[in-house]
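Here is a short briefing on charged side chains. Look at the structure before reading on.

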Amino acid sequence: MSKKRGAPKKAANERKASVTQIRLQPSEKEGFAEAAQLAGLSLSAWMRERLRIAAKKELEQFGKTAVFLRT
């Protein structure tokens, strides 16, 4: 029996189910990609992390809690 290739499947609650497209200037994408690499993250993980930080900060200014922080 041969081993399966690739990463193990994630649990349903760990999978990303939504895709958002964003248009960038090539220089913006290059800068984001460089920052992600320096942080040791993939570009999408870096963008997701930074957007979560920005959303949390902005929502807190209006007394709101980000949906992704609610339990």
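**Charge contacts and a surface patch**

Arg 50 and Glu 49 join their side chains in a salt bridge, at 2.3 Å from N to O. The model is a predicted one. The salt bridge count comes to 2. A patch of positive charge also sits on the surface.

- Arg 50 has a relative accessibility of 32%, so it counts as partly exposed.
- Glu 49 is partly exposed too, because its relative accessible area is 36%.

**Salt bridge of Lys 56 and Glu 60**
- The side chains of Lys 56 and Glu 60 form a salt bridge, with 3.0 Å from N to O.
- Both Lys 56 and Glu 60 belong to helix 2.
- Lys 56 and Glu 60 are 4 residues apart, about one turn of the helix.
- Lys 56 shows 36% relative accessibility and therefore counts as partly exposed.
- Glu 60 shows 47% relative accessibility, so it is also partly exposed.
- The cut-off for exposed is over 50%, and buried means under 20%, so a value of 47% for Glu 60 falls in between.

**Positive patch**
- Which residues gather in the patch of positive charge? They are Lys 10, Lys 16, Arg 48 and Arg 52.
- Arg 48, one of the patch residues, lies in helix 2, which covers residues 43–61.
- Arg 48 counts as partly exposed because its relative accessibility is 37%.

Technical notes. Residues are numbered from 1 along each chain as its sequence is written. This is a predicted model: local features need pLDDT of at least 70, side-chain atom pairs count only at pLDDT 80 or more; totals for chains, interfaces and linings use all residues. Side-chain values use heavy atoms; hydrogens and water are left out. Patches are made of residues with over 30% relative accessible area and no salt bridge: like charges are joined within 9 Å, nonpolar side chains (Val, Leu, Ile, Met, Phe, Trp, Tyr) within 5 Å. Accessible areas come from the Shrake-Rupley method with a 1.4 Å probe; for residues, only the protein chains shown count as cover. A salt bridge is a side-chain nitrogen of Lys or Arg within 4 Å of a carboxyl oxygen of Asp or Glu. Lys and Arg count as positive and Asp and Glu as negative; His and the chain ends are not counted. The place of a charge is taken as NZ of Lys, CZ of Arg, CG of Asp or CD of Glu. Helices (H or I, at least four residues) and strands (E, at least two) are DSSP runs, numbered from the N terminus. Buried means under 20% relative accessible area, exposed over 50%, partly exposed in between (1.4 Å probe, protein chains only).
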